[in-house]
Structure formats: C-alpha cells, structure tokens
Amino acid sequence: MTVENLTEKDFDKKIKDIAIIKLTASWCAPCKYLAPIYKELSNEIKLPFYEVDVDSEPKLAQRFQVMSVPTTIILKNGKEILRINGALPKEEFKKRLLSKL
C-alpha cells in the first residue's frame with residue numbers, strides 16, 4: 001500500500017475501521033528520518049497508512065492534541081488505540097504498531 005495524504009476535509013470519508021496516521025511537518029528532522037520507514041511499513045502492514053502535515057492541517061493536529069512531531073496514531077473505529085511520539089528505528093516502530101493490531 002502507499003501512504004496517502006489526509007486533510008481535515010477528507011478525514012471522515014477516508015478513516016474507516018482501522019487506520020495508521022502520522023502527523024508530520026516538512027521542517028522536522030525526525031519526521032524526515034521516519035518517512036522512509038513509514039513508507040516501507042505501509043507495504044509490509046496491509047492497512048491504510050495516512051500522513052497529515054500539521055502546518056497545512058492545524059485543526060487535525062489540535063483534534064488529536066499533537067504537541068510534537070512526528071506523532072503516529074492508530075485509530076480503530078474512530079478511537080485512538082496507540083500513540084507513538086517521535087521517530088524510532090524500523091523494527092521498534094513496527095513492533096509497537098503490531099502490538100495493537
């Protein structure tokens with residue numbers, strides 16, 4: 001699968017049963033580190049992966065009370081079941097994601 005951009009406008013249309021959402025910013029060095037890892041995992045874990053630019057979509061950042069980026073959230077039926085703050089090495093990031101799936 002690919003990583004799809006997510007906006008406030010299309011959020012409710014796109015987010016269904018379960019989704020993995022990374023809130024990020026173009027100026028953020030840890031976000032740049034995490035970007036290829038997130039993309040690789042989107043191909044390994046067959047679930048929808050989304051990305052939100054907090055500068056372009058500040059209301060989504062506020063909705064999820066994101067205070068730092070990168071922040072990755074797993075939503076299941078509209079409820080947050082996991083939050084990962086910061087960038088992690090691929091295997092640790094994957095392990096944390098899979099712990100809730």
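Before I speak of charge, one convention is needed: Lys and Arg count as positive and Asp and Glu as negative, while His and the chain ends are left out. On that basis the protein carries 18 positive and 14 negative side chains, and the centres of the two sets are 3 Å apart. Please bear in mind throughout that this is a predicted model.

Let me turn to the fold. The protein contains four helices and five strands, and along the sequence they follow the order β-α-β-α-β-α-β-β-α. The radius of gyration is 12 Å, close to the 13 Å that the globule rule gives for 101 residues, so the protein is as compact as a globular protein of that length. Along the principal axes, the C-alpha atoms fill a box of roughly 30 × 30 × 20 Å.

Of the 101 residues, 42% are buried. Among contacts with a separation of 6 or more, 70% are between residues 24 or more positions apart. The accessible surface amounts to about 5,800 Å², and carbon and sulfur atoms contribute 52% of that.

Next, the hairpin. Strand E4, residues 71-76, pairs with strand E5, residues 79-85, in the antiparallel sense over six bridges. Thr71 has Asn85 in E5 as its bridge partner. Two residues separate the strands of this hairpin, and Asn77 sits in the turn. Asn77 has a positive phi of about 50 degrees, although it is not a glycine. Its relative accessibility is 58%, so Asn77 counts as exposed, the cut-off being over 50%.

The loop between helix H3, residues 58-63, and E4 holds Pro70. A cis peptide bond joins Val69 and Pro70, with omega at about 0 degrees. Gln65 is placed in the loop between H3 and E4, and Gln65 too has a positive phi of about 50 degrees without being a glycine. With a relative accessibility of 62%, Gln65 counts as exposed.

Finally, is Lys22 buried or exposed? Lys22 lies in strand E2, residues 18-24. Its relative accessible area is 1%, so Lys22 is buried, given that buried means under 20%. Leaving aside residues up to four places away in sequence, Lys22 touches Cys31, Leu34, Ala35, Tyr38, Tyr50, Glu51, Val52, Pro70, Thr71 and Thr72.

Notes:
Residues are numbered from 1 along each chain as its sequence is written. This is a predicted model: local features need pLDDT of at least 70, side-chain atom pairs count only at pLDDT 80 or more; totals for chains, interfaces and linings use all residues. Side-chain values use heavy atoms; hydrogens and water are left out. The radius of gyration is taken over C-alpha atoms; the globule rule is 2.2 Å times the number of residues to the power 0.38. Buried means under 20% relative accessible area, exposed over 50%, partly exposed in between (1.4 Å probe, protein chains only). Contact means heavy atoms within 4.5 Å. Accessible areas come from the Shrake-Rupley method with a 1.4 Å probe; for residues, only the protein chains shown count as cover. The place of a charge is taken as NZ of Lys, CZ of Arg, CG of Asp or CD of Glu. Two strands pair if DSSP finds at least two bridges between them.
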